[in-house]
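Please consult the sequence and the structure shown below while reading.

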Amino acid sequence: MEIKSQIEPMLTLDYMTTAPENKYFDRKSARIKVADLAELISAFANAEGGTVVIGISDKTKRIEGIAQVGEQKINDFLSAPKDYCKPMPQYKEEFLDVMNAEGNKDQLLLLHIFSSPEQLIRTKNDLTWLRIGDRTKEIRGEDLRLLEYSKNTRLYEDELHPDAAIEDLDETLLEEYRQRLDADPSTSIEQILRSRGFIKGDSLTNGAVLLFAKKYLPVLS
């Protein structure tokens with residue numbers, strides 16, 4: 001009987017021991033530090049999902065199994081997505097019975113990490129990773145901002161505009177907005193804008209500029 005995953009049937013034992021690692025699949029020795037799985041879990045969750053196969057050497061593709069590391073470390077592997085990522089991504093664990101390279105009965109542990117389309121999954125040290133091909137890449141700066149946009153965890157309209165001031169906003173538009181809200185006439189425009197999230201700290205948001213600017217002001221792109 002062919003040994004294969006019941007969750008991802010393409011992951012046969014032959015595939016897991018011979019195929020190149022790719023966007024959806026990575027193999028790791030059970031000797032890996034549990035914390036070192038965090039980057040890979042984050043990367044798969046932030047991309048299209050993927051499976052971490054624990055118990056096959058990523059260097060030699062040798063079936064080492066997981067029995068050698070003991071029950072406590074196996075339990076630590078099982079809770080790695082919860083313990084080392086935030087928020088915890090959705091995942092399932094699966095054990096496959098195999099014969100290891102020494103000819104003894106053993107198991108592989110498969111952690112199936114599901115895609116997180118509406119959340120950004122970071123590691124506990126606040127780093128963000130993405131699976132690109134067979135590589136796990138840390139995402140920073142502009143690339144991180146674009147990833148946040150794609151998952152709707154960052155809204156362009158909520159970002160602060162670096163140059164705009166209340167004086168740059170159209171008083172007629174602001175007064176119409178006050179009337180639509182049926183706001184008390186004694187309430188200042190600044191109070192209204194602040195209560196609606198158009199002012200944060202001392203700065204206007206891009207949303208305020210887009211809605212109320214009296215002349216064109218460039219917004220962040």
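Phe212 is buried in this predicted model, because its relative accessible area of 5% falls under the 20% limit that defines a buried residue. This residue forms an aromatic pair with Tyr177, with 5.1 Å from centre to centre and 55° between the planes. The arrangement is classed as tilted. The pair joins distant parts of the chain: Tyr177 belongs to helix H6 (residues 171–181) and Phe212 to helix H8 (residues 206–212), and the two are 35 residues apart. Tyr177 is likewise buried, with a relative accessible area of 18%. Ring pairs also bring in Phe198, so that Tyr177, Phe198 and Phe212 are linked into a cluster. The structure holds 4 aromatic pairs.

Two further buried residues are found at Thr12 and Ala19. Thr12 lies in the segment that precedes helix H1 (13–18), while Ala19 is located in the loop between H1 and strand S1 (25–28). Leaving aside residues up to four places away in sequence, Thr12 touches Glu2, Ile3 and Lys4. Ala19 and Glu94 are separated by 75 residues in sequence and by 20 Å in space, C-alpha to C-alpha.

| Residue | Relative accessible area |
|---|---|
| Thr12 | 13% |
| Ala19 | 9% |
| Tyr177 | 18% |
| Phe212 | 5% |

The chain as a whole contains 8 helices and 10 strands. Its radius of gyration is 25 Å, well over the 17 Å that the globule rule gives for 221 residues, so the chain is more spread out than a compact globule. The C-alpha trace spans about 80 × 30 × 30 Å along its principal axes.

Buried residues account for 42% of the 221 residues. Of the contacts between residues at least 6 apart in sequence, 66% join residues at least 24 apart.

How values were computed:
Residues numbered from 1 in each chain as written. Predicted model: local features only at pLDDT ≥ 70, side-chain atom pairs only at ≥ 80, totals over all residues. Heavy atoms only, no water. Helix = DSSP H or I, 4+ residues; strand = E, 2+ residues; numbered from the N terminus. Buried < 20%, exposed > 50% of the residue type's maximum accessible area, 1.4 Å probe, protein only. Contact = heavy atoms within 4.5 Å. Rg over C-alpha atoms; globule rule 2.2 N^0.38 Å. Phe/Tyr/Trp six-rings, centres within 6.5 Å; stacked < 30°, edge-to-face > 60°.
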